[in-house]
Structures are given as C-alpha cells and as structure tokens.
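This report describes the overall build of a protein chain and then turns to one of its sheets. The sequence and the structure are shown first.

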Amino acid sequence: MANESPIQGWFQQGLNYHQAGELAKAEALYRKILAENPKHSDTLHLLGVLQQQNKNSALAVELIKQAIAINPNIAAYHSNLGIALRNLNCHEHALASYERALALKFDFPDAHYNKGVVLEMLELYEQALQSYCYASQYKPDYIDALWNECLCRLKLGDLSTGFAQYERRWQNPKLDLHFFPNLTQPRWNGQDSLTNKAIFLVAEQGLGDTLQFCRYAEQLAQLGANVLLGVQPPLKSLLSQLPTVSGVYVKGDVLPEFDYQCPLMSLPWLLKTELATIPVTQQYLSATEESSAYWRQRLPPSTRPRVGLVWSGGQLHKNDHNRSIALTEFAPLLTLSERIQFISVQKEIRPNDTETLARFNIAHFGAELTDFNVTAGLIAAMDLVISVDTSIAHLAAALGKPVWLLLPFNADWRWLLHRDDSPWYPTMRLFRQAYSETWRDVIKTIHLELTKRFTDSTSLTDRELLLLQRFNALTEQQQLAWLTLLGD
C-alpha cells in the first residue's frame with residue numbers, strides 16, 4: 001500500500017476543482033499528474049478541455065489529440081476535440097470528430113448537439129435539424145438542442161413550427177425574459193375573444209425585438225382589444241406614437257387594469273404567422289414632430305444626400321463580436337464623402353473609433369440621442385441608413401427609411417437564408433458576409449451600390465475616380481494606411 005501511486009487521488013481532486021470552476025487549481029493538479037505519467041490520457045483530455053475553457057483552442061487541440069493517440073476509442077475525446085476545432089473555424093475537421101464520436105457512441109447527446117452547430121456553420125441546415133432532434137431524443141430536457149432546433153426552423157422559413165417551438169424560450173435560463181415579472185392576469189391563449197377586452201403586451205428581450213414585434217398591436221386592435229404596451233424605457237416616447245396602442249408603460253409605472261397579458265414575441269405563434277402572412281407595411285413607426293423639427297434645425301445645411309451610419313451595437317450583446325465592426329471597416333465608403341454627407345446615428349462610440357470619426361468629419365451627436373424618439377427624428381432626416389444588425393436598423397426600417405443591413409455569415413434567424421430582402425421590412429436590403437467571415441467583400445459591394453445610388457460615375461472628378469480604383473486594388477490593411485495618410 002505504501003508504494004501505491006497517488007495519481008488517482010490527484011485526478012479526482014483535480015476533477016472536483018474543474019467542476020467547481022477553480023481552473024487554476026485543476027490545471028496545477030493535471031500538470032502534476034502528467035509530470036508523473038505523461039501518457040495519462042484522461043488527464044491530457046481534461047487539460048485540453050480546460051484550455052478550451054480558457055480560450056486557448058490551439059493548445060486544447062494539441063492536448064486532446066495526444067489523449068486520442070493513446071486511447072482512440074473514447075467518444076468524449078473526439079467530441080471535445082470537435083469543439084476546439086470548431087472554435088478555430090476548422091468546421092470540416094470538427095464535423096469529422098463528431099462523426100467519430102458518434103460512431104463510438106451513437107446515444108451521445110452532446111456530440112449530436114455539437115454536430116448540429118457545426119452543420120449550421122457549413123450551411124447544412126436540414127442535417128443540423130436531424131442532429132438536434134437526435135440530441136433531444138437521447139436527452140429530452142436538452143434545452144440548448146431544443147432551442148437551436150427552433151431557431152434553425154425559423155431560419156429555414158418554417159415560421160409556423162418555429163414560432164410554436166419558440167415558446168420553449170421560457171425554459172432557457174440563458175434568456176432574461178422578465179421585464180414585468182409579477183403580473184397575475186391570465187395569458188391570452190390566442191382563442192379567447194378580445195372584443196372590449198384590455199390586453200397588456202409585454203416586451204421581453206432586446207430593443208430590436210420590441211421594435212420588430214410591436215407591429216402586432218394593430219392586429220389585436222382589429223380584434224377589438226384595447227391594447228396596452230410594456231416596453232424598455234428608451235422606447236416609451238417613440239412607441240407612444242403607435243395609433244393602435246392606448247398606453248405605453250415601463251417597469252415601475254402604475255399599470256391600469258387589464259384582462260389579459262401576453263409576451264410580445266408570442267404573438268406570431270398565437271396569430272399563426274407564416275412567411276406569407278407577416279403583417280408588413282412600409283412604415284409603422286414615426287418620430288414626434290418635435291423631434292423631427294429639432295433635427296431639421298440642428299443638422300448642418302447640405303446639398304449632399306445624407307447617409308446614416310451604424311457600425312457597432314451594445315458590447316454586452318452575446319453576439320456582438322459577430323455583428324459589430326470597427327469604423328475603419330467603412331473606409332472605402334468614406335472616399336465618397338465629397339459626394340455624400342455621412343452622419344453617425346448611433347449613440348455610443350468605442351475608443352478605437354474616435355480618431356476615424358474625427359478624421360473623416362463624420363457628424364456625431366452621441367449625448368443628444370437620449371431615447372429612440374430623438375434618434376428617430378435624426379433618422380427621418382436621412383436618405384439612407386447603412387447599419388450592422390442592431391436595434392437602430394429595426395428602427396430605421398420601421399420608420400420606412402431605406403436600410404442597407406450588414407449581416408454576419410451565420411446571421412440571426414429573422415433574416416432567413418440567402419435572401420437580399422426581408423419579408424419583415426420592405427425598405428430593407430441585406431448584404432451578407434461570405435463564409436470567409438471578413439467584411440471586406442460586403443463593404444466593397446456596398447461601396448459599389450452607394451456609388452450607383454448617389455453618384456454619376458461619368459461626373460466623378462479624376463481624383464475621385466483614382467481613389468475608387470486604387471481602393472479596389474488595395475488590401476484592407478493598405479486601405480487603412482492610405483486613408484490615414486489622406487486624413488492627415
């Protein structure tokens with residue numbers, strides 16, 4: 001007994017630390033084990049998983065591959081190798097790892113789920129659906145698989161099934177859906193008559209979601225309801241302009257009496273929305289006349305068309321790294337500033353964008369944009385809004401303004417697949433990122449379309465033509481360096 005190896009005890013203690021989230025302590029014990037036995041495959045595997053948790057995917061791949069070389073028949077090794085490879089954007093190799101895991105253990109819900117995620121990245125959506133279904137078959141309460149199945153169906157345009165499954169969001173602990181948490185009135189079930197009844201529609205997720213789905217208030221009013229709306233504070237003034245809503249409230253307000261409550265994003269399901277029946281109008285929101293008049297006076301006179309720019313959203317958004325870009329990415333567009341007046345219509349500016357904003361003299365009104373009604377007044381003065389996927393894009397489209405929307409490769413479900421238009425917004429045009437996950441080609445396309453829309457190429461000066469030609473020939477890094485010289 002005195003010569004018994006302590007490795008098993010170290011391993012169990014390291015595993016306990018790992019499961020408790022004490023990663024530094026777990027890593028120390030894992031490395032202690034490997035110093036004693038470099039071929040301890042379970043430790044190599046878990047150290048790889050730990051490195052993946054620490055965002056070091058390359059090292060994770062190396063360590064898990066070492067574990068597989070020692071013991072190639074453990075399904076979990078291959079599944080976790082797939083996760084690390086996916087995070088390195090090696091999607092085909094990740095898919096092969098998941099398939100190897102499932103060949104070893106088909107009733108492995110995590111491998112099915114993760115295979116579905118990478119199949120979506122490869123645009124194999126029907127196969128992804130099958131993987132999510134297998135995951136929930138072997139683990140019926142697998143909320144991530146159920147949720148991804150729902151979003152995948154919506155992305156494919158199966159709105160009737162997708163919105164029915166969207167009700168699963170209440171089981172998803174990752175979503176905060178409680179802006180008005182203590183309502184006791186019954187939820188409207190889509191069947192009970194609303195004639196002469198008051199219904200309180202409750203915002204539940206992001207600002208963009210509220211702007212997109214508040215359109216359903218009109219349908220409920222047509223069913224005879226007195227429609228009340230509970231929203232986020234920045235939207236109260238704007239949405240008070242909705243003609244079919246009799247009152248708009250924020251958390252903390254004293255609420256009137258009402259008969260039913262309903263989460264705003266349950267309405268597409270309850271009202272049986274399909275692609276052909278989306279309630280769509282050219283414009284369903286308006287700024288107050290006071291806000292519009294303020295900006296008519298505030299904006300500097302210009303004979304040039306005005307184009308509003310939105311290049312980043314809130315940094316706390318879970319997908320912000322995919323949707324927001326640096327203002328320098330818009331550099332090719334800014335070569336047209338002699339022909340177009342570019343105006344920032346977003347409130348927050350990140351430190352890295354300040355210099356670019358000043359260099360190209362882009363008007364920015366940050367502190368003046370106190371709520372969405374004020375922003376709506378500014379957007380009303382624009383001829384076009386070019387935006388990444390933020391709430392301002394929803395606002396501009398709901399105001400009926402032409403909107404050019406920049407979408408990441410794996411875009412949100414509401415933009416569907418392979419379309420350059422949106423059934424939700426008739427004035428919106430979609431510009432999608434290619435599989436390369438860079439914005440350069442998107443910006444080039446917008447640059448070309450912007451030139452067509454607002455300039456006559458036959459009337460461009462020699463200098464402008466030279467700028468356009470040279471920009472299209474340069475790399476992204478060279479473009480930025482050249483613009484820096486021009487700005488100076």
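## Burial and surface

Of the 488 residues in the protein chain of this predicted model, 53% count as buried. The chain exposes about 22700 Å² of surface, and 50% of that area is supplied by carbon and sulfur atoms.

Charged side chains number 43 positive and 50 negative. The centres of these two sets lie 1 Å apart.

## Overall dimensions and contacts

The C-alpha trace spans about 90 × 65 × 40 Å along its principal axes. The protein chain contains 23 helices and nine strands.

How much of the contact set with a separation of 6 or more comes from residues 24 or more positions apart? Such residues account for 64% of those contacts in the protein chain.

Strands of a sheet pair through backbone hydrogen bonds, either parallel or antiparallel. Here, four strands form an open sheet in the order β3-β2-β1-β4, and the pairing is parallel. Strands β3 (245-249) and β4 (260-263) are the edge strands, each pairing on one side only. With direction ignored, neighbouring strands of this sheet are turned by 25° against each other on average.

## The pairing of β1 and β2

Within the order β3-β2-β1-β4, strand β1 covers residues 198-202 and strand β2 covers residues 226-230. These two strands pair in the parallel sense over five bridges.

Which residue of β2 is the bridge partner of V202? The partner of V202 is G230.

Technical notes
Residues numbered from 1 in each chain as written. Predicted model: local features only at pLDDT ≥ 70, side-chain atom pairs only at ≥ 80, totals over all residues. Heavy atoms only, no water. Buried < 20%, exposed > 50% of the residue type's maximum accessible area, 1.4 Å probe, protein only. Contact = heavy atoms within 4.5 Å. Areas by Shrake-Rupley, 256 points an atom, 1.4 Å probe, with all protein chains shown as cover. Lys, Arg positive; Asp, Glu negative; His and termini not counted. Charge placed at Lys NZ, Arg CZ, Asp CG, Glu CD. Pairing = 2+ DSSP bridges. Axes fitted to C-alpha atoms, helices over the stretch in contact; angles between N-to-C directions.
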